[in-house]
Amino acid sequence: MENEAKRAKRGIIIAFSVLVCILLVIAVIFFMYRSQHTFSQEKWLSNASERYMIVDDMLEKHPLIGISEDNVIALLGAEDGDGQSSFKLSDKNYPPETTLVYYLGVDYMDDMWLIISTDNGTVTEYCIDVT
């Protein structure tokens, strides 16, 4: 009877230890993912090829509609556009004088871009598109 109790206790300790290890691994993965996908101006400006990972967080934290073009540039830096005016997913033409274009990096096989349209210096709409 005593041996069975020791065996049961050892089994419970092993099961608990495995559960704690699994929870720790999940917590580490969650925090790594969250840190890679959290917007900061420093991340945005320093690593253009990985902006696609933080653009959603940026758009959630900093709603662009209605803010001035100067505030967008203060937040995101100078635009990356090189005169590109058409993109794959949108039929719309984006004239360079009323559009800010930011490179987000390559997701799968396409270059991703944040396209911000302005009217009289104020953001009216934005979208993410590919080339």
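Author: Lysine 61 is partly exposed, with a relative accessible area of 43%, where buried means under 20% relative accessible area, exposed over 50% and partly exposed in between, for a 1.4 Å probe and protein chains only. This is a predicted model, in which local features need pLDDT of at least 70 and side-chain atom pairs count only at pLDDT 80 or more, while totals for chains, interfaces and linings use all residues. Residues are numbered from 1 along each chain as its sequence is written, and side-chain values use heavy atoms, with hydrogens and water left out.

The side chain of lysine 61 meets that of aspartate 57 in a salt bridge, at 3.1 Å from N to O; the term stands for a side-chain nitrogen of Lys or Arg within 4 Å of a carboxyl oxygen of Asp or Glu. Aspartate 57, in turn, is buried, with a relative accessible area of 7%. Both residues lie in helix 3, 4 residues apart, which is about one turn of the helix; helices (H or I, at least four residues) and strands (E, at least two) are DSSP runs, numbered from the N terminus.

The structure holds 2 salt bridges, and aspartate 80 forms one with arginine 51, the closest N and O atoms being 2.4 Å apart. Aspartate 80 lies in the loop between helix 4 (69-76) and strand 1 (99-107), and arginine 51 in the loop between helix 2 (41-46) and helix 3 (55-61), so this pair ties together parts that are 29 residues apart in sequence. Arginine 51 counts as buried at 4% relative accessibility, whereas aspartate 80 is partly exposed at 28%.
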